[in-house]
Amino acid sequence: MNSQLIDSLRLRLGANGLPYEIPMHPQLVHLTLGLFIIAILFDIAGAIFPIERPILKFLGLTAIRSGFFDVGWYNLVGAAIVTFFTVAFGFFELLLANPAVNQKSDWGLSPGWTMLLHGLGGVSLLGMIVAMTVWRGLQRYRWRQDASRQVQWSYLLAGIAMMGIFFVHGTLGAHLGEQFGIHITAAELLKNGKDPNLLLK
């Protein structure tokens, strides 16, 4: 980011290149992932409930089909809300990133290309999660309101496909931290010629 812009915003950047000690984007990413994955898994469990019912009964677990769908719905709503903050912090932290330009990731991408793809992918995933939430809400409250199986099979397949997209997108994000050292305190200190062993005690 432009140093004049940093000065105008009165940001005091720490050793990791951020105005706070722990990067927020990775924390929120894992919350988004957890909520979304739980939502899809519980909707799958609700969809195949007739198969699971004898197993649950044998294990002495009392469960009703609608309970699985409730967990799926509320986790998906949570994922949609949290993802707005995930993307916002992601862009803020990308703007403050200052990676070396002569490196390549395991996928052969430069830091700039990795940041660009990760940023565009984040916005795309936000749109997809919101669209999935709207789709899920229409199924819950309109299309399948009286059906015992609250979700369509196509919705579940789309959710599983999105988990694959999360894997690719998350790998790009991991490259930014692991391979390019963006906002990693020790990497930033080494880049500035300082000894992390002396400063991080």
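A residue is classed as buried under 20% relative accessible area, as exposed over 50%, and as partly exposed in between. In this predicted model, Asp 70 has a relative accessibility of 29% and therefore counts as partly exposed. Asp 70 forms a salt bridge with Arg 140, with the closest N and O atoms 2.9 Å apart. Because Asp 70 lies in helix 4 and Arg 140 in helix 5, the pair ties together parts that are 70 residues apart in sequence. Arg 140, at 12% relative accessibility, counts as buried.

The count of salt bridges comes to 2. Asp 43 pairs with Arg 136 in a salt bridge whose closest N and O atoms are 2.8 Å apart. This pair links distant parts of the chain, since Asp 43 belongs to helix 2 and Arg 136 to helix 5, 93 residues apart. Asp 43 is buried, with a relative accessible area of 0%, and Arg 136 is likewise buried, at 0%.

Helix 2, spanning residues 24-47, also contains Ile 38. Together with Ile 37, Leu 41 and Phe 42, Ile 38 forms a nonpolar surface patch with about 300 Å² of accessible area. Ile 38 itself is partly exposed, with a relative accessible area of 35%.

The largest pocket has a volume of about 700 Å³. Its lining comprises 30 residues, of which His 25, Pro 26, Val 29, His 118 and Gly 173 lie nearest the centre. At least two lining residues are supplied by each of helix 2, helix 4 (65-95), helix 5 (111-143) and helix 6 (153-179). Helix 6 provides the largest share, 8 residues. By class, the lining consists of 15 nonpolar, 14 polar and 1 charged residues.

Key
Residues numbered from 1 in each chain as written. Predicted model: local features only at pLDDT ≥ 70, side-chain atom pairs only at ≥ 80, totals over all residues. Heavy atoms only, no water. Patch = residues over 30% accessible without salt bridge, like charges linked within 9 Å, V, L, I, M, F, W, Y side chains within 5 Å. Areas by Shrake-Rupley, 256 points an atom, 1.4 Å probe, with all protein chains shown as cover. Salt bridge = Lys/Arg side-chain N within 4 Å of Asp/Glu carboxyl O. Helix = DSSP H or I, 4+ residues; strand = E, 2+ residues; numbered from the N terminus. Buried < 20%, exposed > 50% of the residue type's maximum accessible area, 1.4 Å probe, protein only. 1 Å grid on protein atoms, 1.4 Å probe; cavity = no way out; pocket = protein on both sides within 12 Å on 5 of 7 lines; lining within 4 Å. Points joined across faces, edges and corners; volume = space filled by probe spheres on them. Nonpolar A, V, L, I, M, F, W, Y, C, P; charged D, E, K, R; others polar.
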